[in-house]
Amino acid sequence: MTYLLLNICFFMVIAYLSQLKKTRYDIRFLFKKQRGKFVLCICFALFIIIGSLINKRLSNFITSYLIALMPASIPYLIYDLAKSSVFTKEKEGITSLLMVLTKWSAVRNDAVYCLQKSNDTKLSKPIGGYINDLCIRLEKGMSVSEALIACEKTVLSEELRYVLINIRYAYEKGGDLYKIFKSLENQFFKIDEENFKRKINTISDKYAVYTAIIMVMSTFCMVVLNKGQSREYYLNTEAGMMLLGVFAGLFSIGIFIIVKVIKRY
């Protein structure tokens, strides 16, 4: 069963990579777009490998794979924290991007010119990276609309996506870019002011929650693997292994619920 699952994973990866060759984007851009799926593949592989190793010791399929859910979820928790950090930096950098776009749109009413000048300004990441990637796409011959749509799919925050959509519509429909960027700049100044008043800091809350999860996992391992009666009970008795599976299953469900709830904020 284990070898069958590993073979399925292997062929899924091969099929996915062969499909990537048919796309027109660079591998680096594709990795940025699909990194969530890569992380889930890593989690799934860890789940199978760790579950198989534990099952060799316990000879209890269900309990072994319920326990494996906990360590297998760690890469996703780390990825989610990194994603939240990028999301926060995106929102904080939008106003700076709009200030630069507003300045250059006063010089020339040309969206491509404004984006190229913004790229020369070397904005802080991740927004600076998005603008750089966008300019690279334009240099490779991609149309402005296609490049902006590709960038819209890459960004995490709806606010930045809203700005890019406005740039695309302004390019396609025409209009006074200075007025558009100035209006957006004023909007985001007000948003930044409200965020400052509320002192929203969900990223620190996530760090606290995920640190608590890791600490509980560590305590779980210490109790189960500690030499003595607890180890003997949980690893060498049917009732202990059943209880171990119930604890691991409930804790894993708790992790999924916490991650889902945190995503709302």
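Which residues in H7 meet which residues in H8?

## Helix pair H7 and H8

Val144, Ser145, Leu148, Ile149, Cys151 and Glu152 are the H7 residues, and they meet Arg161, Leu164, Ile165, Ile167, Arg168, Tyr171 and Glu172 in H8. Contact means heavy atoms within 4.5 Å. By class, this contact has eight nonpolar, one polar and four charged residues. Ala, Val, Leu, Ile, Met, Phe, Trp, Tyr, Cys and Pro count as nonpolar; Asp, Glu, Lys and Arg count as charged; the others, Gly among them, are polar.

Two packed helices are described by the angle between their axes and the distance between the axes. H7 covers residues 144-154 and H8 covers residues 158-173. Their axes come within 9 Å and cross at roughly 170 degrees. H7 and H8 are therefore roughly antiparallel to each other (an angle over 145 degrees). Axes are lines fitted to C-alpha atoms over the stretch in contact, with angles from 0 to 180 degrees between N-to-C directions. Helices are DSSP runs (H or I, at least four residues), numbered from the N terminus.

## Basis of the model

The model is predicted: local features need pLDDT of at least 70, side-chain atom pairs count only at pLDDT 80 or more, and totals for chains, interfaces and linings use all residues. Residues are numbered from 1 along each chain as its sequence is written, and side-chain values use heavy atoms, leaving out hydrogens and water.

## Nonpolar cores

The largest nonpolar core has 31 residues. Such a core is a set of buried Ala, Val, Leu, Ile, Met, Phe, Trp, Tyr and Cys residues joined through side-chain atoms within 4.5 Å. Buried means under 20% relative accessible area, with a 1.4 Å probe and protein chains only. Leu101, Leu160 and Ile167 touch the most other members. Elements giving two or more residues to this core are H4, H5 (111-120), H6 (127-139), H7, H8 and H9 (177-198). H6 gives the largest share, six residues.

Ile167 touches Leu101, Ala111, Leu115, Leu148 and Phe181, not counting residues up to four places away in sequence.

## Leu81

Leu81 sits in helix H4 (residues 74-105). Leu81 is buried, at 14% relative accessible area.

## Cysteines

The disulfide count is zero, where a disulfide is a pair of cysteine sulfur atoms within 2.5 Å. The closest cysteine sulfur to that of Cys135 is in Cys151, 9.6 Å away and too far for a bond. Cys135 is buried at 5% relative accessible area. Cys114 is also buried, at 0%.

Definitions and conventions
Parallel < 35°, antiparallel > 145°, perpendicular 65-115°, else oblique. Buried < 20%, exposed > 50% of the residue type's maximum accessible area, 1.4 Å probe, protein only.
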